[in-house]
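Try each task yourself before reading its solution.

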Amino acid sequence: MSNNPYLPFRAPILSKTRQTAVDWTYHIGCSLNPVPGQFVEVSLPGVGECPISISDFTPDSVELTIRRVGKVTENLSRLEEADYLYLRGPYGQGFPLEQFAGRHLIIAAGGTGLAPVKSVIRHFAERPETLAGLTILAGFKSPEDILFRPELESWSRSFDVQVTVDQVCDVPVPSPGHVGLITALIPDLAIPSPTNTRAIVVGPPAMMKFTCAELLRRGLKEDQIWVSLERRMSCGLGKCGHCRVGSTHVCLDGPVFNYAKARKLVD
Ligand SMILES: Cc1cc2nc3c(=O)[nH]c(=O)nc-3n(C[C@H](O)[C@H](O)[C@H](O)COP(=O)(O)OP(=O)(O)OC[C@H]3O[C@@H](n4cnc5c(N)ncnc54)[C@H](O)[C@@H]3O)c2cc1C
Ligand code: FES
C-alpha cells in the first residue's frame, strides 16, 4: 500500500453491512491512522471518485458509510465483501479532540452527519473519564433511516442519547425516542455550565444553521461549536478550487470548522 496521499491505492472490502435501503457501511482493509472527521476520496476505475467521511477506523482498517445517491455511490453499492475499491487520503482537518477534554460535549448529528462524528463518540466512549459529560442527539427522517442502531443502543448505556425522527412508521425508534426536529430537543437539554460546554453539529445545512442558533440561545458562544461542511469537491487537496469559498478551501481548511469561521462561509 502507498503512503503517498496523492495516489489512489487499491484496498479490499473486508465486510459490508446494510444500514438502510440506501446506506451501507464498509470496512476497508488499509492503515490510514486518520483524525476523526477527516475524509478519503473513494474511486472506481472508469466510474469516478467521491469524498467520503471516515466513520471509524482501527490500525488496520477504515469504516466508510456510503449513501447511494448517484453514479459513483451506485457503483460502490454493488460491491461486495472481497471486492476492491481505490482510496486516497486521509484529507482535511478533523475534530480538535483536545479542546473537548474536561468539557460537557453535545454532539448533534442529522442523518449521514452521524458518520463523521462516530469515531469522535468511540474515542470518548473508550475514555469517558476525560469528559464532564456527553450528550448525543441524532435526528433522522423516519425510523427506517436510522443509522448505526447497535451503536446508538450501546452508547445510550453510558451517555445521554436522544434519537428523533421527523415522521413515524411501523419501525421502532430507540428509546427515548422523539418525533420532531433535532432543534426541538435543545431547549430542554441539561446544560449545567454553558461556559464548560462544547458542541459538534453535523448534518444538512438547514439543520446545522438552526441547531447552532438554538445552542447559541442556550448560552454557548460561536467559538464553542464545531461543524463539518460538505461541499462539492474534486481534488480534495486544495488544488482545483471546486470547494473554495472566498479564500477558504473546504477540503484543506475543513471540512471541520469552528462555527465562528463556518458561519461566515455558509451564511
Ligand atoms: C467532505 C465530504 C464528506 C462526505 N462524506 C460522506 C459520507 O460519509 N457518506 C456519504 O454517503 N456521502 C458523503 N459525502 C457526499 C458524497 O461525496 C456524495 O454523495 C457523492 O459525491 C455523490 O457522488 P455520486 O457520483 O454517487 O453522485 P452524483 O451523480 O455526483 O450526484 C447525485 C446527487 O447527489 C448530490 N451531491 C453530490 N455530491 C454532493 C455533496 N458533496 N453534497 C451534497 N449533495 C451532493 C448531487 O447534487 C446530486 O443530486 C461527503 C461529501 C463531502 C464533501
Ligand atoms: S476539492 Fe479541489 S480545492 Fe478543494
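**Exercise 1.** What is the strand order of the open sheet of seven strands, and what kind of pairing does the sheet have?

*Solution.* Before you start, note that this is a predicted model: local features need pLDDT of at least 70, side-chain atom pairs count only at pLDDT 80 or more, and totals for chains, interfaces and linings use all residues. Residues are numbered from 1 along each chain as its sequence is written, while chains are lettered from A and ligands numbered from 1 in the order in which they are written.

Step 1: read off the order, β10-β9-β8-β7-β11-β12-β15, with mixed pairing. Strands (E, at least two residues) and helices (H or I, at least four) are DSSP runs numbered from the N terminus, and two strands pair if DSSP finds at least two bridges between them.

Step 2: find the edges. β10 (177-179) and β15 (256-258) each have a single partner strand, so one side of each is left without a neighbour in the sheet.

**Exercise 2.** Is Cys 243 buried or exposed?

*Solution.* Step 1: locate Cys 243 in the loop between β12 (225-228) and β13 (244-245).

Step 1: apply the cut-offs: a residue is buried if 20 or more other C-beta atoms, placed from the backbone, lie within 10 Å of its own, exposed if 12 or fewer, and partly exposed in between. Cys 243 counts as buried because it has 24 C-beta neighbours inside 10 Å.

Step 2: list its contacts (C-beta atoms, placed from the backbone, within 7 Å). Leaving aside neighbours within four places in sequence, Cys 243 contacts Arg 231, Arg 232, Met 233, His 249, Val 250 and Cys 251.

**Exercise 3.** Why does ligand 1 lie between domain 1 and domain 2?

*Solution.* Both domain 1 (9-91) and domain 2 (97-266) give residues to the shell around ligand 1, so the ligand lies between them. The domain bounds come from an automatic or database domain assignment.

Conventions. Contact = placed C-beta atoms within 7 Å.
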